[in-house]
Amino acid sequence: MPPDLPTPIAAYFAAANAANGPRAALCFTLDAVVVDEALPRRGTAEIAAWVVETQRKYRCTATPSAIAVEGTRARVAATVAGDFPGSPVALDYLFTLADGRISRLEIG
């Protein structure tokens, strides 16, 4: 059974898995930061472009399997499968929430 995710996190995974960058960006605060593959993306425009580019490059889906919440931070364990060496892989998504949206996401 999939974990019960906070609304903005569940919406992010649904949009990202559908390669819908603009919809994924709506899950974030205007000044949000995403760090993936050691590169920061700042603001919703860069985040939307990152989602689209990641899907174009890897054609991947992330399936959350567990969540741990502490205050405004949530660590989501997910299995990511796609067109990349070593697929599938287990990754941690560390979300920081603010005002009902994601203000920071670190993937690793």
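Q: What does a residue need to be called exposed here?
A: Exposed means over 50% relative accessible area, while buried means under 20%. Keep in mind that this is a predicted model.

Q: Why is A38 called exposed?
A: Its relative accessibility is 70%, which is over the 50% cut-off, so A38 counts as exposed. A38 sits in the loop between β1 and β2 (39-42).

Q: What makes the phi of A38 worth a remark?
A: A38 is not a glycine, yet its phi is positive, at about 65°. Most residues other than glycine have a negative phi.

Q: Why is D99 called exposed, and where does it lie?
A: D99 has a relative accessible area of 80%, and over 50% is what the label takes, so D99 is exposed. It lies in the loop between β5 and β6, where the two strands form a hairpin with two residues between them. Phi of D99 is near 55°, again positive in a residue other than glycine.

Q: How do you know that β5 and β6 pair?
A: Pairing takes at least two bridges. Strand β5 (residues 89-98) and β6 share six, in the antiparallel sense, so they pair. One of the partners is L97, bridged to I102 in β6.

Q: What makes A62 buried or exposed?
A: A62, in strand β3 (residues 61-70), has 7% relative accessibility; that is under 20%, so A62 counts as buried. Its contacts beyond four places in sequence include F13, A78 and Y93.

Conventions
Residues are numbered from 1 along each chain as its sequence is written. This is a predicted model: local features need pLDDT of at least 70, side-chain atom pairs count only at pLDDT 80 or more; totals for chains, interfaces and linings use all residues. Side-chain values use heavy atoms; hydrogens and water are left out. Helices (H or I, at least four residues) and strands (E, at least two) are DSSP runs, numbered from the N terminus. Buried means under 20% relative accessible area, exposed over 50%, partly exposed in between (1.4 Å probe, protein chains only). Contact means heavy atoms within 4.5 Å.
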